[in-house]
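Here are a few exercises to work through with the model open in your viewer. Try each task before you read its solution.

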Amino acid sequence: MMEAQTARMQIPEPQDVTTGATPLLDVRGVSMRYHASGGAMLTALADVNLTVAAGEFVALVGPSGCGKSTLLALVAGLEEPAAGTIALHGDAGARRLGRAGYMPQRDLLLPWRRALDNATAGLEAQGVSRRVARQRAHAIFADFGLDGFERAYPSTLSGGMRQRVAFARTVLAGGDLLLLDEPFGALDALTRAGLQRWLLDVWERLKMSCLLVTHDVEEALLLADRIYVLSPRPGHVQLERRVPLARPRQPEMLAQPDILALKAELLAALSEGMEVNGTPMVADRRMEAAQ
Amino acid sequence: MTTQLKPVKSQEVIPSSFTTPEDTGIAYPVHRNGALASLEWGSLMARAIVPALVVLAALVALWQWYASQPNIDPQQLPTPLAVWTALLSERDILWQHTLVTLQETLVGFGVALAAGVFFATVIDFSPWLRRALYPLLVTSQTIPIITIAPLLVLWFGFGLVSKVIVITLICFFPIVVALADGLRAADPELLRLYRTFGAGAVRIFWSVRLPGALPSLFSGVRIAITYSVIGAIFGEYVGASAGLGYFIELKQHSFATAAEMAAILVTAVLSIALFLSVALIERLALPWYYAQGRESGL
């Protein structure tokens, strides 16, 4: 499919605060603290600023324990920041739960629902009738490569297919913003590479706004229009870069000299943060478990 | 054991194109096809039952041989053949008593199920009510039913009510514990995901917690249904005017041991029939649970 479309489009210039238009998601000065064991306060995020424009794919890269999953949970509305504002469509006061499609690392499909009814779960939870929800899920099932598996139980599906059902559920429930928390992190390398290309393909058609959390720089380069690098805890934005790649993209593009240079810069930013603020990995893990 | 019903999975294939998803290599050997599934079910049953039947036949033969010895008093130990003869000659009366016991059992079990689901749900919704009720529920199980059954007959008479109370007291606890545990076991990440859909506590209960707790509930129900027949027999034994327990007590006093044992046999068959009914309902109600490669709990 992509081979046929050789003509390369110009990268769409995402609207952001500097152009005056309201970004879809505007995170300003957000900080987050947790109670750690022993009564101490742990600062997970410190003064994070970040925007996602309508139709833009933004990746958030950082070492484990830097608070990137926390940031996603904040945007989804699962938690409230200790300081700062999070605005969807310019409205910082509104309730965020139920307005963005949040997809965690695990597929979290309901084992008692068939694939199609898992895809409709989010819509139904939002009050859409089962009949309408099923029609909408049916309409996208073929596009998601799930045609013919509508009635399969999750336990009979492979990991990659389960993840696609979970993504269908996220897209259907998500309104216009998708929050993807390392959606391919639990998969093996081959499945992961396949799903990355698949997501690239689907997203280039859907053109929904997307905020992807990952620790994989190549994944970020392949998928995103812009990349934020978060520092180790307390996480703050250390680097922001635009990815100078046209769409549709292909994995081979990552071998271009300018992309290799960008990759080196991103990796340097990641490791530089580790040297300055480097915290032992064990502590990071414990921190994540505590969250 | 676990590989029986699993689908044959070939390698993971990502559709190479947006519109042609047919090459997604998974085959469904059993569940897609009703005839195959019931064949599989039948052979599972046969494999489950045959060894038990062999042992049972051997035991009955041994019993027949021993009880036929000239020094054995048939009032003390009748032969299996004598029990069978008594069963046939008393079959009309036994059937009447069986219906009484069955009615008590089903009503008592129904009340226990309703009470169990109610308490488990209440406990799940409020930590305060959990702390308030759980100790009382446990305490209710420390009372030896054998000591209060005569009191119940004294208070509520020889009829249905005293039996239903005995059965409910015996049966509701396994149901409460199983369902409460099942509700608590809900995946916290799944609950978070449903919150991001904008779902409230009531919808999360109906959509996530309750369906997820059903396998656990059925475990409790399977225990409860076997207890319920014992409860009915015991209630009748203490004081009744009809029912298998009453019949057993009557025959015991007149030393009609063969008829007594025939009634015990009917009781056992009734328990097994009810247990199998629950297992069948579970299988029909939770097709997804058995699609994960489990055999039914027989």
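**Exercise 1.** Check the length of helix α10 of chain B against what its residue count predicts, then find what packs on it.

*Solution.* Keep in mind that this is a predicted model.
- Step 1: α10 of chain B covers residues 257–285, which is 29 residues.
- Step 2: The expected span is 1.5 Å times one less than the number of residues, so the helix should span 42 Å.
- Step 3: Now look for burial. B:A258, B:A259, B:E260, B:M261, B:A262, B:A263, B:V266, B:T267 and B:E282 are the buried residues of α10(B).
- Step 4: Their cover includes α2 (80–89), α3 (91–125), α8 (201–238) and α9 (244–253), which belong to chain B too.

**Exercise 2.** Work out how strand β6 of chain A is enclosed, and which strands pair with β6(A).

*Solution.* 
- Step 1: β6(A) runs over residues 177–181, and five of the five are buried, so the strand is largely enclosed by the rest of the structure.
- Step 2: Take the faces one by one. A:L177, A:L179 and A:D181 are buried on one side, A:L178 and A:L180 on the other, which leaves both faces covered.
- Step 3: Next come the neighbours. β5 (residues 101–103) of chain A runs parallel to β6(A), with three bridges joining them; here A:Y102 sits opposite A:L179.
- Step 4: β7 (residues 209–214) of chain A is also parallel to β6(A), through five bridges, and A:L179 faces A:L211 in β7(A).

**Exercise 3.** Trace the pairing partners of strand β1 of chain A.

*Solution.* 
- Step 1: β1 (residues 25–35) pairs antiparallel with β2 (residues 41–52) of chain A over eight bridges, and A:L25 has A:V52 as its bridge partner.
- Step 2: Five residues separate β1(A) and β2(A) in this hairpin, and A:G38 in the turn has a positive phi of about 90°.
- Step 3: β1(A) also runs antiparallel to β4 (residues 83–88) of chain A, with five bridges; A:S31 is bridged to A:A83.

**Exercise 4.** Describe how the two assigned domains of chain A meet.

*Solution.* 
- Step 1: The domain assignment gives domain 1 (19–100 + 180–290) and domain 2 (109–174).
- Step 2: Their C-alpha centres lie 26 Å apart.
- Step 3: The contact uses 10 residues from domain 1 and nine residues from domain 2.
- Step 4: On the domain 1 side, the residues split into seven nonpolar, three polar and no charged.

Definitions and conventions. Residues are numbered from 1 along each chain as its sequence is written. Chains are lettered from A and ligands numbered from 1 in the order in which they are written. This is a predicted model: local features need pLDDT of at least 70, side-chain atom pairs count only at pLDDT 80 or more; totals for chains, interfaces and linings use all residues. Helices (H or I, at least four residues) and strands (E, at least two) are DSSP runs, numbered from the N terminus. A residue is buried if 20 or more other C-beta atoms lie within 10 Å of its own, exposed if 12 or fewer, and partly exposed in between; C-beta atoms are placed from the backbone. Two residues are in contact if their C-beta atoms, placed from the backbone, lie within 7 Å. Two strands pair if DSSP finds at least two bridges between them. Domain bounds come from an automatic or database domain assignment. Ala, Val, Leu, Ile, Met, Phe, Trp, Tyr, Cys and Pro count as nonpolar, Asp, Glu, Lys and Arg as charged, and the others, Gly among them, as polar.
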